[in-house]
Amino acid sequence: MPDAAAAPRIVVGVAGGIAAYKAVSLVRELVRVGADVTVVPTESALKFVGRPTWEAVSRNKVSDDLFDDVATVRHVALGRSADAIVIAPVTAHTIASLAAGLAGNLLGTTVLASSAPLVLAPAMHTEMWEHPSVRANMATLIARGATVVGPETGELTGGDVGAGRMSEPEAIAEVVQSLLVPQTLVGQRVVVSAGGTREPIDPVRFIGNRSSGEMGVQLARAARARGAEVTLVAANLEVPPPTGVTLVDAPTAAAMREAMQEAATTSDLVIMAAAVADWVAAEPTQEKLKKTELGETFSPLLHRAPDILGELGASKPAGQLVVGFSAETAVDSDQRETLAREKLRAKNVDVMCVNQVSDQLGFGNVETIVTMIHHASPQSRSVTGSKHSVAGQILDALLDR
Ligand SMILES: Cc1cc2nc3c(=O)[nH]c(=O)nc-3n(C[C@H](O)[C@H](O)[C@H](O)COP(=O)(O)O)c2cc1C
């Protein structure tokens, strides 16, 4: 999503079901990725989660009363300015009201006053969800263009299991975000590697690195949001992967090499954002190494790990774009760029994204500066912001090219 200046405006409607508590996480997630969120709870929703919680998590005033703040004609202002409306959870009652076009509360009037995309995340017991009136009302709303997320099958309130559980907040947030970004990657296959490989020395020890996987995960999420078919090759992620992508587990450099080579054969865009070990233990032992036997110093024999990016660059088919990431500790930006340009040439990749890293910089979900170097241009381009924002900017810059 765009950053603060053009923050998308999202109305989160919350209806009266137990799953209202999960909508708190949805609001937090949308705020986290830069949206300006206004929560519109129904009267029943406020019996489950109170106004102070909604105001605190959305950082905006919350009202469920149509006759509050009448001078601003709140429902029309909200409806007109919304870039998207998501109702989570949406109850059987609110589904029926929307299908009938009822305007008896702030949520109903806001929906009627808006032409923004409408996302519905239903939650109710299986019997209610399968009732012919709910089915008919849902069919009406879908025919009018509503996007429906879930419900999932799982444990419901009361302990029974069946269809009716609200989708997870992250999955709903991703659908909302995908409605807000142009679908520039529809029909494209993208493979992204993320995380840091761990190279075993013995069954309990490994050589690893500090990559959390956040950058690669955000790139996969951004590509998915733009309509691409995405494979995420993941090494020891410390952050949850996005929904809607094919996840391939690749904890070591050898596993990552195999997974990336396989996925790259059918991909239009290959992004190597994982931090792969440069050296791997030559002979990892089957038994745990004993420090009493090793003594005061220990130097395991290390071999160079495969150069996965170099191999992908050397074998890339015509028309495929290969993007590498390079973490540099040099403080001087010219020096960082020179190092990255050398790598770009040596590995035959199209674009190198340079990340400045240090103890405090570059790892985890923090503000990030990435400089993009293109093989065909002497000019570099810097993108900055949260990793979520930077990921979107990188993909959009690649498409500009
Ligand atoms: C404890 C409790 C849980 C409820 N959970 C749901 C639910 O998950 N889904 C649903 O459709 N209705 C549920 N209801 C019923 C709605 O709260 C009720 O239909 C209400 O009128 C909905 O109003 P609203 O759609 O305007 O929020 C629940 C009611 C209670 C008392």
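1. The model is a predicted one, in which local features need pLDDT of at least 70, side-chain atom pairs count only at pLDDT 80 or more, and totals for chains, interfaces and linings use all residues. Residues are numbered from 1 along each chain as its sequence is written, and side-chain values use heavy atoms, with hydrogens and water left out.

2. Helix H10 covers residues 214-225, and its end C-alpha atoms lie 16 Å apart, which agrees with the 16 Å that its 12 residues should span (the expected span being 1.5 Å times one less than the number of residues). Helices here are DSSP runs of H or I with at least four residues, and strands are runs of E with at least two, numbered from the N terminus.

3. Because 11 of its 12 residues are buried, H10 is largely enclosed by the rest of the structure; buried means under 20% relative accessible area, exposed over 50%, and partly exposed in between, with a 1.4 Å probe and protein chains only. Among the buried residues are Glu214, Met215 and Arg221. Just after H10, Gly227 takes a positive phi of about 100 degrees.

4. Phe48, which is found in helix H2 (residues 45-48), is partly exposed, with a relative accessible area of 41%.

5. An open sheet of 8 strands with mixed pairing runs in the order S12-S11-S8-S13-S16-S17-S18-S19, where two strands pair if DSSP finds at least two bridges between them. Strands S12 (246-249) and S19 (380-385) stand at the edges, each with a single partner strand, so one side of each is left without a neighbour in the sheet. Strand S18 (residues 368-374) pairs with S19 in the antiparallel sense over 6 bridges.
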